[in-house]
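I opened the model to look up charged pairs and a few side-chain contacts. My entries follow in the order I made them.

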Amino acid sequence: MYKKLIPVFALLLLASCGQSSGGLPAKTNPKSQTVETHVTENYLAKNGLIADYKKAKEPQYLSESIGLYMNYLVLNHDSKTFHSLYLATKKELAFKKNFIKWKWGEEVTTNAFIDDMRLYSALRMASKQFHFPDYDKFASQIASNWKKYGVTDGIPVDFFDFKTKEKAKTLHLSYYNSSAMREIGFSEAAYEPLKKVQATPFFDEIFQDGTYQTTGNEVNMIDQMLIAIEYKRVTHKKEPHFDAFLQREWAKNNRVHARYNRDTKTATNNVESTAVYALLAEYYEETGQKENYQKATNKLQMMDTSNALTTHFFDYMHKELVLIKKGS
């Protein structure tokens, strides 16, 4: 009876004793607890994972959310919350040889390349910062699984089904994480689809069997920004047509919308996205465009993400990641 009254964080921390060869990670002093408090009160579930929305009728607990939050916790020097999230991830999302489910659920038998690369990066950073080798071991297992099962002719694919042993035939270019991939040791062939893609002004989003495909006539700018950022990191240059499109949007509308028509190059609605502005800020920082970085950051700070009933965790955390980096 009394056991049920123990907070989930405390249970997870207690559970860690004896499970890890390294005991507990080093104690740290977080810069702030504002974000952690907001997440605990609004997004944290009983299973220790992160819900997409507060009080959602059918909540989704995504490995995407875990990776984003882990990255924030490393930047915020919060080893205690990070360790709780790590334990919940191992218990609820890890399958057998540490394949990571892309979302929580007994029926889920696939991972996702983008999510695992984000987790890998966070675990590697945390291992060094919090002096806890188990994080590095876990990251290495994730990496090993991808190199063994998740590539075709040296090129990574979207996912691997660890039950049927089948893998995707496609690679969404927005799934790239070149810094993690370099650490893991992917061959140079892995980057060819991104190096050779062109934008007119939008990128084709999918690579399959040596050819490029689109996701349809409506363009999602989150995908486009993710591709543009990684394109710059891999080729060391901006994609000129896409960059020029962004410049025109700022000049004409003083904003960048969430979705566009691929043919007309016009917005399909007036919606603006917190995540898009966060990724724009990252893109402009990556490409050294200080004035545009400030424009994107100003727009980002105007976006209200306080209501967890209507704000997806993806949007909330992308904003907070930009802000904590800006304040560092």
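Which residue does K137 form a salt bridge with? I looked up K137 and found D134, with the closest N and O atoms 3.9 Å apart. I took a salt bridge as a side-chain nitrogen of Lys or Arg within 4 Å of a carboxyl oxygen of Asp or Glu.

I noted the ground rules next. This is a predicted model, where local features need pLDDT of at least 70 and side-chain atom pairs count only at pLDDT 80 or more, while totals for chains, interfaces and linings use all residues. Residues are numbered from 1 along each chain as its sequence is written, and side-chain values use heavy atoms, with hydrogens and water left out.

Back to the first pair. K137 and D134 are three residues apart in helix α6 (residues 133-149), so about one helical turn separates them. I took helices from DSSP runs (H or I, at least four residues), numbered from the N terminus. I then checked accessibility, where buried means under 20% relative accessible area, exposed over 50%, and partly exposed in between (1.4 Å probe, protein chains only). K137 is partly exposed at 48%, whereas D134 is buried at 10%.

I found a salt bridge between E192 and K196, with 3.6 Å between the closest N and O atoms. E192 is partly exposed at 28% relative accessibility, and K196 is exposed at 56%.

Third entry: a pair across the chain. I found E286 and R233 meeting in a salt bridge, 3.0 Å from N to O. This pair links distant parts of the chain, with E286 in helix α11 (residues 274-286) and R233 in helix α9, 53 residues apart. I read a relative accessible area of 28% for E286, which is partly exposed. R233 is also partly exposed, at 28%.

I then searched the whole structure and got 16 salt bridges.

Last entry: T235. I placed T235 in helix α9 (residues 221-235). Its side chain reaches the backbone oxygen of Y231 at 2.6 Å. The side chain of T235 also reaches the backbone oxygen of K237, at 3.2 Å.

Technical notes:
Helices (H or I, at least four residues) and strands (E, at least two) are DSSP runs, numbered from the N terminus. A polar contact is a pair of N or O atoms within 3.5 Å; within protein, one must be able to donate a hydrogen and the other to accept it, and residues adjacent in sequence count only if both atoms are side-chain atoms.
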